[in-house]
Amino acid sequence: MRRTFWIGLGLFALIQLVPYGRDHANPAVTRAASFGSQAGTDLARGACLDCHSNETTWPWYSNVAPMSWLIQKDVDEGRDHLNFSEWNRPQEGTEELLEVVEEGEMPPVNYTLLHPDARLTEEERATLLAALQVALAEAPPAGDDNSGPG
């Protein structure tokens, strides 16, 4: 039992040397989405923006493997799919955005477990959906990349 503990501790220490998951870069915001109201912005910040923006708040445990690996993967995928900080370019995830929020698929359970402010009541979900509709109304259409000269 003692030997298993020390081997486990040694493996845990060893995986801390793996460099993936500690980048924690927050690229510049090129154009932030507007959510129409402070309440909508606050709900989006609490439920969406850690994974779907360039304004991620990196908690202390995002520096500890293997959590750092999972968090980095979620943020990378979230930003690739839908990024509210790059609202000047077409976003892949806009078509299903309202549906996944309305059905409670977003924010995901693994996020809400560690972020209580992301657990939405029905009223908060309705406010967030209205805020997302405002943002979607200002999103560039697919194929219209206004990210810079070209």
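User: What is the make-up of the lining of the largest pocket by class?

Analyst: Happy to start there, with the reminder that this is a predicted model. The lining has 20 nonpolar, 8 polar and 5 charged residues. It is made up of 33 residues, and those nearest the pocket's centre are Cys51, Asp74, Pro108, Asn110 and Tyr111.

User: Which elements give two or more residues to the lining of the largest pocket?

Analyst: Those are α3, α4 and α5. The largest share, 8 residues, comes from α3.

User: Let's turn to salt bridges. Why is the pair Arg45 and Asp42 called a salt bridge?

Analyst: The side chains come to 3.9 Å, N to O. The cut-off is 4 Å between a side-chain nitrogen of Lys or Arg and a carboxyl oxygen of Asp or Glu, so this pair qualifies. As for their setting, Arg45 and Asp42 are 3 residues apart in helix α2 (residues 38–47), which means about one helical turn separates them.

User: What makes Arg45 and Asp42 partly exposed?

Analyst: Partly exposed is the range between under 20% (buried) and over 50% (exposed). Arg45 has 45% relative accessibility and Asp42 has 41%, so both belong in that range.

User: How do you know that Glu77 and Lys73 form a salt bridge?

Analyst: Their closest N and O atoms are 3.3 Å apart, and that is within 4 Å, so the pair meets the criterion. Both residues lie in helix α3 (residues 67–81), 4 residues apart, or about one turn of the helix. Glu77 has a relative accessible area of 44% and is partly exposed; Lys73, at 39%, is partly exposed too.

User: How many salt bridges does the structure hold?

Analyst: There are 3 salt bridges. One of them joins the side chains of Arg89 and Glu86, at 2.8 Å from N to O.

User: Why is Glu86 called buried while Arg89 is called partly exposed?

Analyst: It comes down to the 20% cut-off. Glu86 has a relative accessible area of 17%, so the label is buried. Arg89 has 22%, so the label is partly exposed.

User: Where is His52, and is His52 buried or exposed?

Analyst: His52 sits in the loop between α2 and α3. Its relative accessible area is 13%, which is under 20%, so His52 counts as buried.

User: What makes the pairing of the His52 side chain with Gly78 a polar contact?

Analyst: A polar atom of the His52 side chain lies 3.0 Å from the backbone oxygen of Gly78.

User: Which residues is His52 in contact with, leaving aside neighbours within four places in sequence?

Analyst: They are Gly78, Leu82, Asn83, Phe84, Ser85 and Met106. Each has heavy atoms within 4.5 Å of His52, so each counts as a contact.

How values were computed. Residues are numbered from 1 along each chain as its sequence is written. This is a predicted model: local features need pLDDT of at least 70, side-chain atom pairs count only at pLDDT 80 or more; totals for chains, interfaces and linings use all residues. Side-chain values use heavy atoms; hydrogens and water are left out. Buried means under 20% relative accessible area, exposed over 50%, partly exposed in between (1.4 Å probe, protein chains only). A polar contact is a pair of N or O atoms within 3.5 Å; within protein, one must be able to donate a hydrogen and the other to accept it, and residues adjacent in sequence count only if both atoms are side-chain atoms. On a 1 Å grid over the protein atoms alone, a cavity is a set of points where a 1.4 Å probe fits but cannot get out, and a pocket is an open set with protein on both sides within 12 Å along at least five of seven lines; lining residues have an atom within 4 Å of a point. Ala, Val, Leu, Ile, Met, Phe, Trp, Tyr, Cys and Pro count as nonpolar, Asp, Glu, Lys and Arg as charged, and the others, Gly among them, as polar.
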